[in-house]
Amino acid sequence: MTNEAFARTKIDQLLKDTGWKISDGRSVRFEYPLSDGGKADYALFDRQGRAIAILEAKSTTVNLSSGEAQGLRYARQLGVRYVFLSNGEEIWFLDVDSDAHFREVETVFSQDDLVRKRAASELQKELLEVPIDTRIAGGGGRQFQVNCINKVCSAISKGRRKMLVEMATGSGKTRTAAALIKRLFEANVVTRALFIVDRNTLAIQTEDAFNEHLPHLPCYRVPRTGRRFQDEKRVTIVTLQTLVNEYEKYSSGYFDLIVIDECHRSIYGKWRRAIDHFDGLKIGLTATPCVMQNEPDLDDEDRAAIKDTLRFFEVEKPTFSYSMSEAIAAGHLVPYEIYRAMTAKTAATEGFSVKRDDIDWSALDEKAKVELEELFSESNPLVVDPTALERRFTVPERNRAMVREFRDVLEKGYVGVDGKQRAPEWGKTIVFAVTKKHAETLARMFDEHFADKKPSPTTRYADFVVSGLGPDDTVDGHSKIKRFQKEKFPQILVSVNMLDTGFDCPEIRNLVMARFTHSSILYQQMRGRGTRLAPGKDKFTLWDFSGVTLRHGDDESPGEGGIVVARPTVRPTATPRRLLTLDVHDEIDPSTREWVTVDEAGHAFMDADEAHAEALGASFEAWLQQAEFNTDQLRLLHLIKEQIKANATEMVLFESWRFDAPPLAMNGGFERARAVFNGEEQLERVLTSMNDAVFGVASAGREGASDTAKPNKPIN
């Protein structure tokens, strides 16, 4: 078989992969005669027999660029605007009427996708001449939203396919995105859009916003893995976790537009392959100032995230930027005051000592005793890093002191060094905690301390929500968040990883930082929860009990919109220090943020087994991105991924005998797998690598989740 004949065999399979019927004699026609006497390798037709694309096959030994002129000439002779070049491995695509250069795509577009693109192109309008709906964006003096939309549309009109929008939290990214999407649809630049978020709570929130702002543009949320995308809808809202388990089922042309919310967390690692799969225009939304990358004390992970974001969107700076200081100065966001009052233990920047005799050993369980004995065998006293509080050590009196201080200053205010007395406003409050146990403890303490403010003993003045991995998740988290947003009680919601990014509740008057983070990205996201405007709200108060504002240099000059009120350290009463080992990872990993999802009615349905299957799929994709595979190998590996997910409850290893069991047996069994990977030895190496990555990571995470479900009992 010649190299080109071999390539055509593989191209036939690529066409089948995206639904083309290569044997019906109508959809795909081979060696199609042209007016100059030449023949197109493949001509693609719609269901009415009208030509829509050319696919030019090339040998596996030559560069695809050698076929560009030939493919373009054939397309013009046949009167089509879409050209594909392929050697069976790579696929290049060109829209004759809008592209200057071919670009690489992951798949041949499906028949439906090409028909849809062609129909839209025939009705396409000049994008910048389509009016922006100022009922959605730009109203109330928010001209910056109109400027943003025009800047992005101008870039699209000039041929750019990736844009990055940086807008301060609370300045209306979702509304701006909705108005931009509407303009793109009305201009027929796009006909189907994908909006990506990193957890289901934000997917629900986005769905509500789009249904309000885009009532004539059918939107829907994909509620879970395994649910087919709805072809008839125009805007699909999906979490990264669901997308990474579903993307390969669709052609690269399925979406014309991909909007990535909070894109600094989503465009690298295990997610990138799923996002790169689709060829549509890509617009990233972030509240993280990309100029931070040059700050000398920036956290290394933050610096890498910003660098990766700029690199992905192929820009040196965002397409459009609107900072928090600009928004506050213009009156679109409220300024804030920082009330800093650390306990003696928290303020001990060089660490504080804990003696062996400080511990009430009789109240500890055996596991905690063993861990502490090991620690004290190395050093007595221990020197505890304050940033480890509530991760490795808990000081119950520290939590009580924070709760007491919060109530005391709310009621009495505080006279600062300038002699002025200020008082924070009573109202909705978010408390950022470290772990589930920490959140539950603080919620109970706040509830008890504000018991006199409750209409009945059964009302919760304070509650908590947690998103992590496995049994520690708050199963009814969405309903708790809805109550917090819509009802009077609870007034205080303690959060772990649920409300720090994307959460929208304009009524927030107080943010309590009971957790510490080195991440400037995360800190600014958390701080942004309080900036939104609301009736009667002219500021919010950021309570720093962890020293996090000092870490990030947040002293809020007037131009930035805030005042620092620093009170002397609050020293807890002298009581024995009691410790608890938790060993919870510091930073937030998007892959562990939303294992409990909800259906359309808001009820939780994902159990631990479903969560584990989704985790395995995400781990598989992370592994897949680390190596190079050809198209035949990728096709087989995706079948393996589906088998792993389908058998997640009992499978602890994918072994080669499974190739000879249904349904993989129908794909040629072990002999086919061995041939695809050029021999049994190479196949076994691939399976070993995959098993180590998939079952090692995901299973360890599951075991860790089980361990955290049974934490050591704290001493109160």
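Trainee: Which residues of helix 13 and helix 14 meet each other?
Mentor: On the helix 13 side they are P396, N399, R400, M402, V403, R404, F406 and R407, and these meet H438, T441, L442, M445, F446 and H449 in helix 14. Keep in mind as we talk that this is a predicted model.

Trainee: And how do the axes of helix 13 and helix 14 cross, at what angle?
Mentor: The two axes come within 10 Å of each other and cross at roughly 40 degrees, and helix 13 passes helix 14 in a right-handed crossing.

Trainee: Are R407 and D452 buried or exposed?
Mentor: R407 is buried, with a relative accessible area of 10%, whereas D452 counts as exposed at 54% relative accessibility.

Trainee: How many salt bridges does the count come to?
Mentor: The count comes to 46 salt bridges. E31 itself counts as partly exposed, at 33% relative accessibility.

Trainee: What about R118 and D46, which parts of the chain does that pair tie together?
Mentor: The side chains of R118 and D46 meet in a salt bridge at 2.6 Å, N to O. R118 lies in helix 3 (residues 111–122) and D46 in the loop between strand 2 (39–45) and strand 3 (51–57), so the pair ties together parts that are 72 residues apart in sequence.

Trainee: Buried or exposed, those two?
Mentor: R118 is buried, with a relative accessible area of 16%, and D46 is buried as well, with a relative accessible area of 2%.

Trainee: Changing topic, where is N87 and what does its side chain reach?
Mentor: N87 is placed in the loop between strand 4 (82–86) and strand 5 (91–95), and its side chain reaches the backbone nitrogen of E89 at 2.9 Å. A polar atom of the N87 side chain also lies 2.9 Å from the backbone nitrogen of E90.

Trainee: What is N87 in contact with beyond its sequence neighbours?
Mentor: Leaving aside neighbours within four places in sequence, N87 is in contact with A7, I11, K58, S59, T60, V62 and L64. N87 is buried, because its relative accessible area of 6% is under the 20% cut-off.

Trainee: And T242, what does it touch?
Mentor: Not counting residues up to four places away in sequence, T242 touches V222, R224, T225 and E614. T242 belongs to helix 7 (residues 240–243) and counts as buried at 2% relative accessibility.

Trainee: Now the backbone: which peptide bonds are cis?
Mentor: Most peptide bonds are trans. Among the cis ones here is the bond from F489 to P490, with omega near 5 degrees, where P490 is in the loop between helix 15 (477–486) and strand 21 (492–496). Another cis bond joins P662 and P663, with omega about 0 degrees, and P663 is found in the loop between helix 19 (631–646) and helix 20 (669–676).

Trainee: What is phi for N188 and N497?
Mentor: Phi of N188 is near 60 degrees and phi of N497 is near 70 degrees, each a positive value in a residue other than glycine. N188 is found in the loop between helix 5 (173–186) and strand 8 (193–197), and it counts as buried at 18% relative accessibility.

Definitions and conventions
Residues numbered from 1 in each chain as written. Predicted model: local features only at pLDDT ≥ 70, side-chain atom pairs only at ≥ 80, totals over all residues. Heavy atoms only, no water. Helix = DSSP H or I, 4+ residues; strand = E, 2+ residues; numbered from the N terminus. Buried < 20%, exposed > 50% of the residue type's maximum accessible area, 1.4 Å probe, protein only. Polar contact = N/O pair within 3.5 Å; in protein donor to acceptor, adjacent residues only side chain to side chain. Contact = heavy atoms within 4.5 Å. Salt bridge = Lys/Arg side-chain N within 4 Å of Asp/Glu carboxyl O. Axes fitted to C-alpha atoms, helices over the stretch in contact; angles between N-to-C directions. Left-handed = near helix turned anticlockwise from the far one by under 90°.
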